[in-house]
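Colleague: I have not worked with this structure before. Could you take me through it?

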Amino acid sequence: MEQDAPRPVPARADGWRPNDEILNNLIHKSIEQAHRKNAETGSMNAFFGGAIVLMVLGVILAIGTGNPMLAMVVVVLMAAGGLMYAGLNAPAPKVDPIRILDVLGGPGNLPAGYLVYAAAWRAGMPEFLTKVSDRQLAVATRLCREHPGSVSDLVRLVMTAEAHAHEHSYGKTVTDADIYRYAHRATVEWARVAPAAMLNAA
């Protein structure tokens, strides 16, 4: 089920958030760099595009009027006016959120605990979770602290658990607790056999 409205950062009942300082700093730095790079790229594209247009206009004016000095003055005045207008009115270029964490493999590659980390939600997590239902997100949020895999792994597990719960509902309504029970059992087993490095990552 696709989500149209922006989602808030999910919160766990115990208020837990991941506290890996190195990874947290990398996420914040990736956000800053993406916005700075995007702004610089947008400014340079506008600058070079405007310079080319003004050069063509200057050549046309110089040939048309036969006065290269007049053409140069007009081009300089237009350039100054254009730069001032662009500086005051140009909209801030938009960053593609899903690309911000490319250097880390994308938001789905973060450890499962980062499902509840606010900075991850400014770096593509909502876009990554567009096809995840609110129910699946709620169950994943309950499991994210103990899950030893990535956000992608956790989401896949919850989706599989929901399908399994429906297959074994025998006509009863499937509840969040049913999905959680199946997913929790798999998470506990996975955490039991997971390498220590995976557990420490979250």
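Predicted model: local features only at pLDDT ≥ 70, side-chain atom pairs only at ≥ 80, totals over all residues.

Colleague: How many helices and strands does the protein chain have?

Modeller: The protein chain has 8 helices and 0 strands.

Colleague: What percentage of the residues is buried?

Modeller: Of the 202 residues in the protein chain, 34% are buried. As for contacts between residues at least 6 apart in sequence, 71% of them join residues at least 24 apart.

Colleague: Which residues touch the most other members of the largest nonpolar core?

Modeller: They are I27, L110, L115, L129 and L154, in a core of 38 residues. At least two core residues come from each of α1 (21–65), α3 (118–121), α5 (134–143), α6 (151–167) and α7 (176–193).

Colleague: And which helix gives the most to this core?

Modeller: That is α6, which supplies 7 residues. As general background, nonpolar side chains tend to be buried together in soluble globular proteins.

Colleague: Back to I27 for a moment. What does I27 touch?

Modeller: Leaving aside residues up to four places away in sequence, I27 touches L101, L104, L110, Y114, Y117, A119 and A120.

Colleague: Changing topic, at what angle do α5 and α6 pack?

Modeller: The angle is about 120 degrees, and the axes of α5 and α6 are 9 Å apart. The two helices are therefore oblique to each other. The crossing of α5 past α6 is right-handed.

Colleague: Which residues make the contact?

Modeller: On α5 they are R135, Q136, V139, A140 and L143. On α6 they are L154, V158, M159, E162 and H166.

Colleague: Which residues of α5 are buried, and what covers them?

Modeller: The buried residues of α5 are Q136, L137, V139, A140, T141 and L143. Their cover includes α3, α6 and α7.

Colleague: One last topic: where is H147 found?

Modeller: H147 lies in the loop between α5 and α6.

Colleague: Is H147 buried or exposed, and why?

Modeller: H147 counts as buried because its relative accessibility is 1%, and the cut-off for buried is under 20%.

How values were computed
Residues numbered from 1 in each chain as written. Heavy atoms only, no water. Core = buried A, V, L, I, M, F, W, Y, C linked by side-chain atoms within 4.5 Å. Buried < 20%, exposed > 50% of the residue type's maximum accessible area, 1.4 Å probe, protein only. Helix = DSSP H or I, 4+ residues; strand = E, 2+ residues; numbered from the N terminus. Contact = heavy atoms within 4.5 Å. Axes fitted to C-alpha atoms, helices over the stretch in contact; angles between N-to-C directions. Parallel < 35°, antiparallel > 145°, perpendicular 65-115°, else oblique. Left-handed = near helix turned anticlockwise from the far one by under 90°.
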